[in-house]
Amino acid sequence: MTTAHTSGHGPLAGVRVVELAGIGPGPFAAMLLADLGADVVRVDRPGGPPLAVDPAHDVTNRNKRSVVVDLKAPDGPARVLDLAARADVLIEGNRPGVAERLGVGPEDCHARNPRLVYGRMTGWGQDGPLAHRAGHDIAYIALTGTLGMIGAPDTPPPAPANLLGDYAGGSLYLVVGILAALHHARVSGTGQVVDAAIVDGTAHLSTMIHGMLAGGGWQDRRAANLLDGGCPYYGTYETADGGYMAVGALEPRFYDEFTGLLGLGDFRDARKDRTRWGELHEAVAARFRTRTRDEWTALFDGTDACVAPVLSLREAPHHPHLAARGTFTDHGGITQPAPAPRFSATPTAVRSGPARPGADTARVARDWDVPGLVDDLVKTSVNDLPRQGD
């Protein structure tokens, strides 16, 4: 069946989003909306956000446009409200109460645009005893129980980068909430506030585990369960050259193929026998140490043993499957993940590189009919704008 492509770039073409510049999960959520075709205007502050990546390499600002507004200047809040009046969505990631004190909180924005979806990205949420406390990904996932599930039982839980909290429990839930609220606004004509807290989203990710825990199918300790490294046929193993292989041979036929290819047919009946799991783990580990990662990859290639090499960030784009699908793309000399997911009628793409702070002010002023932005640009000294490497 042939599917006709609609005009525009992605299913959110025509949706306008204002992003109040920040770091971490807020910018990533705005990038997801931009990847899906939304016109995302990032409101950068003079001097740029703290801990910012070099603007030329911050691909979380791809597919966006940027203006610079000093929210502490007398007319700064008015410029943001002018944008909010013409937008469908606004995203901010300040501590609770900060946007209100700056004059760009939900009430101020909804007074100008009742249909606006106001997305709030925080770690602790808008209320609760810790709402006004500082924090980062690792603290958020620690309190939800998810960090305590990871790692070996005799070592401290490892820090899983900031993927689990900031981006999975934060950005993705903010985007889901925004899209649901956007649908509601278009049906009812009424906008609303989306309170996306990383602690809420990360806890929600463990829903299945809580069900298993309640049913006796999960032990509340690390490396003692089917999916946390306690199971010898679901985990990672070191190879002869210091590489690693990932094993996920959970189902009986996949397990049989796995043990057969390893030459461990004597353990065929150990799959459900937890008393033999320790012995099986040692046997699998010893076998994997006899060959290199590439040799094991070649052995398991084309099988259903559910075994894969553990690749580095630089290796991943060159894997034949990911290369064939175009999972990664090169744009402006930067290799980066391509937009996901994929759409048959409204395909997405990396349309532009990282938005440079303030570079799009004149075009946004024209397209969104906010002439005051240009006046602000004239007032802002060039020396106030972020420079590469700042």
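A residue is called buried when its relative accessible area is under 20%, exposed when over 50%, and partly exposed in between (1.4 Å probe, protein chains only). Cys 109 sits at 0% relative accessibility, so it counts as buried. Cys 231, at 1%, counts as buried too.

This is a predicted model, where local features need pLDDT of at least 70 and side-chain atom pairs count only at pLDDT 80 or more, while totals for chains, interfaces and linings use all residues. Residues are numbered from 1 along each chain as its sequence is written, and side-chain values use heavy atoms, with hydrogens and water left out.

## Helix α2, tucked away

Helices here are DSSP runs of H or I with at least four residues, numbered from the N terminus. Helix α2 covers residues 76-85, and eight of its ten residues are buried, so the rest of the structure largely encloses it. Among those buried are Gly 76, Pro 77, Arg 79 and Val 80.

## Where α1 meets α6

Helix α1 (residues 25-35) and helix α6 (residues 163-188) have axes that come within 9 Å and cross at roughly 50°. Axes are lines fitted to C-alpha atoms over the stretch in contact, with angles running from 0 to 180 degrees between N-to-C directions.

In contact (heavy atoms within 4.5 Å), α1 residues including Phe 28 and Leu 32 meet α6 residues including Tyr 167 and Ile 178.

Notes
Helices (H or I, at least four residues) and strands (E, at least two) are DSSP runs, numbered from the N terminus.
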